[in-house]
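Here is a quick tour of a few local features worth a look in your viewer. Keep the sequence open alongside the coordinates as you read.

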Amino acid sequence: MAERVIKLPDVGEGIAEAELVEWHVKVGDVVREDAVLGAVMTDKATVEIPSPAEGRVIWLAGSVGDVLAIGSDFVRLEVDGKSAPATEAVKLASSAASASAKKSDHAASAPRVPASDPPNARRTEPSAALLRHASDRPLAAPAVRLRAREAGVDLRQIRGTGPAGRVTHDDLDAHFARGGIGTTATPYPAQTAVTDIKIVGLRRKIAEKMSIASSRIPHITYIEEVDVTALEDLRAKLNSQKQPGRPKLTLLPFLMRAMVRAITGLPHLNAHFDDEVGIVHQHAGVHIGIATQTPTGLVVPVVRHAEARDLWNCAAEVARIAEAARNGSATRDELTGSTITITSLGALGGLATTPIINHPEVAIVGVNRIAIRPHWDGAVFVPRQMMNLSSSFDHRVIDGFDAAQFVQRIKTQLETPAMIFIDA
């Protein structure tokens, strides 16, 4: 028996060293010629190092993560004393390294065939049966293995045209071009169908309006946490004692009344901005749009003159126009003319949203889900019913300071709901 030293080969990138990233063998293993010993990584590629001979592994160069010099000892084998030189560097064709380095480069370039390949190995049609023994591990770069694995292709089916029979991207391409398919069994078959759906009707109108709002309005979104424990207690009590004929109160009428009072001191929040002529139209009447999901899409019916409605009247009007929007009976006047909008996803409202302003308005208030959260009262954590308000503003005409003032005024009233009913 004799010892044969396998050197770390030049991987063809003009580099002096490479990082050891994987061993495929361990000391004591018997390897066959062309079996993969390990893999090293450079800045551009991961390259597998094949064995040039058959033998038993008696020494390895280091541990995964070590940086090895090109040309240094990589593996030592105990081999038949009649077979081969004591020291040999593995010969890697540069094309093999580059193939594993850049899959995208491969896709854009013409097929590459190493000059040393025998002509009859370049596009030989493989049979359906495995070309290699079930225990064989075909030579291939990690990128090729990944691509084959994702496509469900057994590399043993493919005749490699690279050095020492290495399977390349070109070989995979040829396999697919011949109609080759993956054979790896999987309960999750890939779906490649694409269905084209033309956007028409209300969906198209919504898309156009959202595009205008998003492209023309520079949004600033302000999110604030609100403690609605007292408000929810009041709401439950009012609903339990409501007079016959009065609607059930949700959060919306309270928010509408809080917005009306907040707008009183900040009238430029209740406005339209005509950006073509550079004029902001402030409205004395507060016409609140209620973004409503309907079977045909999102529409915004309007509660007109919210400033002139009390809590129960706001609740009744919201219920009426929302139902009209859902059943398709809302008139054009009931679906236009809002000066500020509320949007809410109800129980699906999440922690925060980024509402899109209802053009040409300058503000929109988004309601997020109410949840019980721990609140520090200065001594202990106590459970409170908390909700986030996500509000967006047209930053061309609304400064962040005014936006924050507006939301804080709403927050104050919702956290102290008695203020909603008291004239300042």
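Pro360 sits in the loop between β17 (340–344) and β18 (363–367); strands here are DSSP runs of E with at least two residues, helices are runs of H or I with at least four, and both are numbered from the N terminus. A cis peptide bond joins His359 to Pro360, with omega at about 10 degrees.

Before going further, some ground rules. This is a predicted model, so local features need pLDDT of at least 70 and side-chain atom pairs count only at pLDDT 80 or more, while totals for chains, interfaces and linings use all residues. Residues are numbered from 1 along each chain as its sequence is written, and side-chain values use heavy atoms, with hydrogens and water left out.

Most residues other than glycine have a negative phi, and most peptide bonds are trans. Asp34 isn't a glycine, yet its phi is positive at about 80 degrees. You'll find Asp34 in the loop between β3 (30–31) and β4 (36–41). His305 does something along those lines too, with a positive phi of about 50 degrees despite not being a glycine. Its loop runs between β16 (302–303) and α8 (311–327). On accessibility, the terms used are buried (under 20% relative accessible area), exposed (over 50%) and partly exposed (in between), using a 1.4 Å probe and protein chains only. Asp34 is partly exposed at 28%, and His305 is partly exposed at 40%.

**Helix α7**

How far apart are the end C-alpha atoms of α7? They are 22 Å apart, which agrees with the 21 Å that its 15 residues (251–265) should span at 1.5 Å a residue; the expected span is 1.5 Å times one less than the number of residues. Is α7 largely enclosed or largely open? With 12 of its 15 residues buried, α7 is largely enclosed by the rest of the structure. Among those buried residues are Phe254, Met256, Arg257 and Ile263.

**Salt bridges**

Side chains of opposite charge can pair when their charged atoms come close. Counting a salt bridge as a side-chain nitrogen of Lys or Arg within 4 Å of a carboxyl oxygen of Asp or Glu, the total comes to 17. Here are some of them:

| Pair | N to O distance |
|---|---|
| Lys26 and Asp29 | 3.2 Å |
| Arg216 and Asp275 | 2.5 Å |
| Glu317 and Arg320 | 2.9 Å |

In the Lys26 and Asp29 salt bridge, Lys26 is exposed, with a relative accessible area of 53%.

Arg216 is partly exposed at 32% relative accessible area, as is Asp275 at 24%.

Glu317 and Arg320 both lie in helix α8, 3 residues apart, about one turn of the helix. An α-helix has 3.6 residues a turn, so residues three or four places apart point the same way. Glu317 counts as buried at 12%, whereas Arg320 is partly exposed at 39%. Elsewhere, salt bridges with shared partners join Arg216, Asp275, Asp394 and Arg396 into one network.
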